[in-house]
Amino acid sequence: MNALNHGSRSRTPSRTYGAAALALFVILSTSTDLSGATFFQADSTRQDSIVRLPTITITATRSETDVSLVPQPVTVLDWRTIRRQAPNTVSDLFRDLPGVDVTGVGVNQVRPSIRGLRGQRILLLQDGIRLNNSRRQQDFGEVPALVDVAHVDRVEVVRGPSSVLYGSDAIGGVINLITKSPRREGIHGTAGYRFSSQDDQSKGTANLNGRFGRFAFQASGTVRQANPYRAPAGQFGGIALTADTTVFETGVDDRSLQGYLRYDFSPQNQTYIRVEHYSADSAGFGRVDNDAFGSSLPFIQILYPDQQFNKVTVGHEANGLGTLIADDLSVTAYFSDNERFLDINVFAGFGPNAPPGAGVESNTSNFTDVETFGFRVESQKFIGSHTFTYGIDFFRDRSRNTNSNVTTVVGFGPPMIETSTLPLIPNANFRSVGVFAQDQIQIADRASVVLGLRYQDVNASTIDTPGLNADNIAAQDRTVVGSLNGIVEVINGLSLIGSLGRGFRSPNLVERFFNGPTPEGSAFQVSSPDLEPETSINLDIGVRYNSGTVSAEGFVFRNEVRNGIRIAPTGDTLNGLQTFQNVNVDKLRYTGLELNGTVWLPKGFMLHSGFTKLNSRDVLEPLNPVGESFSTKVSGGLEYLGLQDRVHFRYGIRHNGEQKDVALTNNPVGDVLPSFTVHNARVSVLVFRRGGHEHHLGLQITNLTDALYAESANVSFFRPEPGRGFTLTWDVVF
């Protein structure tokens, strides 16, 4: 339950401009086609002769396009970048990217945030198919950990709305996890092992793939065991840890399996099936004992004892059809089953005037099973300078839930116990169908525009639920969104970019239908079936430059979210508890600046840097703090790739500036999110190569200075990041 808090905001222009100057001095960031670029030695006799190949993206336009030609801010991280960074999960790749942050801690629960928007306002895709779950809370979108990073070939991040192509939830941006598939004839594979000292993590990975004529196959799997990590001693705002401190519920025992089969009827026609499984035990929200920093806040433990995710995807792709209505056609159908158990344990004392140890303890257990069926049919037609993309997508979530709650009052004689198995959310369906069309027009040799339009129909309805006698109810949203993007090359290598788009997000099942006491037991939330969808209008204006040795871009943006959904008090009480309800009340405005780029230096060195400045404002209630990320972020790195790609080294630094526009009332951190700086270094060595057989050894040291810090969304419920530690990786390719 989020209460409404009000506070003042102030700015420190000198620090902001200083950070921007620093970012420009180092020449912009690890992003777009820069960090995802592909390198190889063009001449084995010259170790400083590095050639950069174009980086291709498909997420922004739904057709293979050089990132430098995409009229939107896009980041692509390819498999080489993923291997060299050796991230814990996909989400760890986002920490240094301009405009992108993370929320959550540990191995399993870290999620992305884009331009200050997070949770269900970010759309998570796998191979172009949505992973978002309509049963999740507004601020907690689906976890990218469902797709293990070992299975990922590349990650594409689109900053800004993409609702025309992908429908609901893409208000802040889109993240597409593109998985590996067989590429070469014969049998090939990879194997790897990872150990990290912060959490005593041990992880093994294996992949076997091959192609034989018309058939292709792949089988891969991972097994991981990680313990809760320890945060270092130190000072973070008003919080002081005098010794290294365990951050509980940040470990996990998880497993993932993936199988893939494809048959090529011809070089232009392929049919495939992909089967996936992910399971995780003992993952949690993360917490530090209040006694570690002298806090009197309530004890809150959020734990996922078990999560099971299974998915089957079948598809057919046809190219070069040459028919009147389509040249290319793709048809994808999928079914997934997402089961999770959630335990929330809360203890709140009654204060100094009550008997010692007196308080109320609430233990809530919830089981949720969401079955999703969906399909996407998409066609492309090439006519002269036009590339038409159009299609239809559909999905239906069927959610089943059970609840159990035990509330115990202690300190006044024998414990007073009250139990309930009343479901807080009824079983429900969430159905969405949309039709979309887009035209990519090459209006001149150096200029192109992309126009798009979507009509969306969303229906959410409750169904018969054991234990509930209420009548079933339904709600419907009908929405039209559009976009207009353009890019023009004004001189060789220098392009101007403009992007205007409207996004939307339909309220999920929790926002509409939750009815009951909140998990911590301090308030009562009533259902809100009449919620309207959130909408956004986003404008990006940018410049992009590419030459032989410098690649850089900068964007200014303005994203305004209307009909923003917020929990608000109703002014009533129920059973002695104040009641709250989700309402369409917010008009949120996010403005900012993003700079990023890379300079290629002699002898295989590269210099990366980036800068992000973000302002957030509640237009209707300017005193209501809405900041959910740090106000500034500066990242930089020195990278070396040499000795015929046998040695890779990177030293990186990230500084996040303090944030005053944030609600931290009664939080021991204070009224301001403190700034922090973190250093990381990694080296990887190709220790053996013969033919297609390679062995890579990597060593990474994170948080070199052993600083105590927390990412922005992890401060109000204080969950610091790990202290200094090292990670060893061993990868075999054959």
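Predicted model: local features only at pLDDT ≥ 70, side-chain atom pairs only at ≥ 80, totals over all residues.
Local features were considered at pLDDT of at least 70 and side-chain atom pairs at pLDDT 80 or more, whereas totals for chains, interfaces and linings use all residues. Residues are numbered from 1 along each chain as its sequence is written, and side-chain values use heavy atoms, with hydrogens and water left out.

Rolling a probe the size of a water molecule over the atoms shows where empty space is left. On a 1 Å grid over the protein atoms alone, a cavity was taken as a set of points where a 1.4 Å probe fits but cannot get out, and a pocket as an open set with protein on both sides within 12 Å along at least five of seven lines, lining residues being those with an atom within 4 Å of a point. Grid points were joined across faces, edges and corners, and a volume is the space filled by probe spheres set on the points. Eleven cavities of 30 Å³ or more were found, and the largest cavity holds about 800 Å³ of space. Its lining comprises 39 residues, with Asp92, Arg95, Asn680, Gln700 and Thr702 nearest the centre. Two or more lining residues come from each of helix H3 (79–85) and strands S13 (186–196), S38 (647–656), S39 (676–690) and S40 (693–702), where helices (H or I, at least four residues) and strands (E, at least two) are DSSP runs numbered from the N terminus. The lining of this cavity divides into 13 nonpolar, 16 polar and ten charged residues, with Ala, Val, Leu, Ile, Met, Phe, Trp, Tyr, Cys and Pro counted as nonpolar, Asp, Glu, Lys and Arg as charged, and the others, Gly among them, as polar.

The second largest pocket has a volume of about 1400 Å³. Of the 47 residues that line this pocket, Ile58, Glu64, Arg154, Ile178 and Glu317 lie nearest its centre. Strands that supply at least two lining residues each include S11 (152–159), S12 (173–179) and S20 (252–266). By class, the pocket lining has twelve nonpolar, 17 polar and 18 charged residues.

Side chains of opposite charge can pair when their charged atoms come close. With a salt bridge defined as a side-chain nitrogen of Lys or Arg within 4 Å of a carboxyl oxygen of Asp or Glu, the count comes to 50. A second bridge pairs Asp457 with Arg478 (3.0 Å, N to O); Asp457 is buried at 8%, whereas Arg478 is exposed at 56%. Asp92 and Arg95 also belong to a salt-bridge network with Asp96, Arg654, Glu711 and Glu721.

A nonpolar surface patch of about 560 Å² is made by Leu451, Leu484, Leu500, Ile537, Leu539, Ile541 and Val556. Patches consist of residues with over 30% relative accessible area and no salt bridge, like charges being joined within 9 Å and nonpolar side chains (Val, Leu, Ile, Met, Phe, Trp, Tyr) within 5 Å. Strand S33 (residues 534–546) gives the largest share of the patch, three residues, while Leu484 lies in strand S29 and is partly exposed, with a relative accessible area of 43%.

Technical notes
Buried < 20%, exposed > 50% of the residue type's maximum accessible area, 1.4 Å probe, protein only. Areas by Shrake-Rupley, 256 points an atom, 1.4 Å probe, with all protein chains shown as cover.
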